Amino acid sequence: MTRGRFITFEGGEGCGKSTQVRRLAARLERAGVEAVLTREPGGTRLAELIRSLLKDEQDDPPCDRSELLLFLAARAQLVRNVIRPALDAGRWVLSDRFSDSTFAYQGYGRGLPIDFLRLANDFACDGLRPDRTILLDVPPETARERMRARERATSVAADRIERAGDGFHARLRAGFLEMAAREPERIVTIDASGTPGEVEARIASALGLDADVPSATEA
Ligand SMILES: Nc1ncnc2c1ncn2[C@@H]1O[C@H](COP(=O)(O)OP(=O)(O)OP(=O)(O)O)[C@@H](O)[C@H]1O
Ligand SMILES: [Mg+2]
């Protein structure tokens with residue numbers, strides 16, 4: 001059995017990751033490829049419990065180090081119980097965020113040492129790395145507008161990490177772009193401005209999926 005492909009989606013809040021993961025899954029399905037979708041943190045029962053702990057707004061929010069360890073605990077569970085078995089069974093896995101979010105948020109954002117993050121993350125993932133990473137890049141104003149539109153549409157307020165401030169979000173974006181420049185064979189930076197359909201087409205082209213898969217009819 002050939003191993004499936006492991007594709008991760010990265011970028012700051014509101015850049016369109018969840019939208020594009022769903023679109024790529026639908027595109028693959030039209031081509032007869034069934035993909036497993038996961039989101040981080042989460043994707044298993046324990047990892048979803050950890051997700052709710054990380055979003056906890058009470059008076060004892062996780063400090064930077066426990067935040068890191070909670071994210072890695074959730075990832076270890078997801079890799080072992082969901083991602084690795086799916087890849088071994090020859091299926092594709094699309095993950096809404098993965099290791100690069102840890103390097104961007106906890107490293108570039110919070111200032112934890114990157115070398116340690118890489119070691120600890122490799123331990124959590126048991127060495128698993130994505131085959132391809134789609135970095136969705138948008139100017140901060142566009143991300144802010146999309147987040148505002150989503151808050152209006154869903155009446156879900158911004159969470160602790162989303163409210164971290166402009167300086168934090170600027171460091172994140174710079175961090176993601178620096179990682180992409182360092183690993184161009186894995187991380188492909190996609191201009192995520194424009195309509196969802198336009199962004200989807202850019203992603204399909206970057207993954208070499210535009211020729212043989214019919215595109216969706218909606219924008
Ligand atoms: N290309 C686009 N143009 C306009 N709006 C978009 C586009 N892509 C996504 N949106 C909308 O912007 C909002 C944010 O998109 P989405 O939830 O996919 O982003 P995300 O990267 O998953 O965000 P988060 O990091 O918070 O999970 C949603 O309301 C979505 O419908
Ligand atoms: Mg999302």
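Which residue stands opposite L94 in strand 3? In this predicted model, L37 takes that place.

The chain contains eight helices and five strands. Read from the N terminus, these elements follow the order β-α-β-α-α-β-α-α-β-α-α-β-α. Along the principal axes, the C-alpha atoms occupy a box of roughly 50 × 40 × 35 Å. The radius of gyration of the chain is 17 Å, which agrees with the value near 17 Å for a compact globule of 219 residues. Of the 219 residues, 35% are buried. Among the contacts with a separation of 6 or more, 78% are between residues 24 or more positions apart.

The strands pair in the parallel sense. Strand 1 (residues 6-10) runs parallel to strand 3 and is joined to strand 3 by four bridges. Within this pair, F9 has D96 of strand 3 as its bridge partner. Strand 2 also runs parallel to strand 3, with five bridges between them, and the L37 and L94 positions named at the outset face each other here. Strand 1 has a further parallel pairing, with strand 4, over four bridges; in strand 4, T133 stands opposite T8. Strand 4 in turn pairs with strand 5 (residues 187-191), again parallel, over five bridges. D137 has D191 of strand 5 as its bridge partner.

Strand 3 is mostly covered, with five of its five residues buried. W92, L94 and D96 point one way from the strand, while V93 and S95 point the other way, and all of these residues are buried. The contacts of I134 illustrate how separate parts of the sequence meet: leaving aside residues up to four places away in sequence, I134 touches I7, F9, V188, I190, I203 and A206.

Helix 4 is likewise mostly covered, and 11 of its 11 residues are buried. The buried residues are S99, D100, S101, T102, F103, A104, Y105, Q106, G107, Y108 and G109. In an α-helix, residues three or four places apart point the same way, because there are 3.6 residues a turn. The buried residues of helix 4 pack against strand 1, helix 3, helix 5, strand 4 and helix 7 (166-182). Just after helix 4, G111 has a positive phi of about 85°.

The peptide bond from E40 to P41 is cis, with omega near -10°, and P41 is found in the loop between strand 2 (35-39) and helix 2 (45-54). R97 is not a glycine, yet has a positive phi of about 80°. R97 is placed in the loop between strand 3 (92-96) and helix 4 (99-109). The residue counts as buried because 23 other C-beta atoms lie within 10 Å of its own, where 20 or more are required. D126, another residue other than glycine, also has a positive phi, near 50°. D126 lies in the loop between helix 5 (114-125) and strand 4 (132-137). In contrast to R97, which is buried, D126 counts as exposed because it has 10 C-beta neighbours inside 10 Å, and the limit for an exposed residue is 12 or fewer.

Ligand 1 is surrounded by 16 residues, of which the closest are G16, S18, T19, R146 and R150. The elements that give two or more residues to this shell are helix 1 (17-30), helix 6 (140-154) and helix 8 (196-206). Helix 6 gives the most, with four residues. By residue type, the shell around ligand 1 divides into five nonpolar, seven polar and four charged residues.

Conventions:
Residues numbered from 1 in each chain as written. Chains lettered and ligands numbered in written order. Predicted model: local features only at pLDDT ≥ 70, side-chain atom pairs only at ≥ 80, totals over all residues. Rg over C-alpha atoms; globule rule 2.2 N^0.38 Å. Contact = placed C-beta atoms within 7 Å. Near = placed C-beta within 6 Å. Nonpolar A, V, L, I, M, F, W, Y, C, P; charged D, E, K, R; others polar. Pairing = 2+ DSSP bridges.
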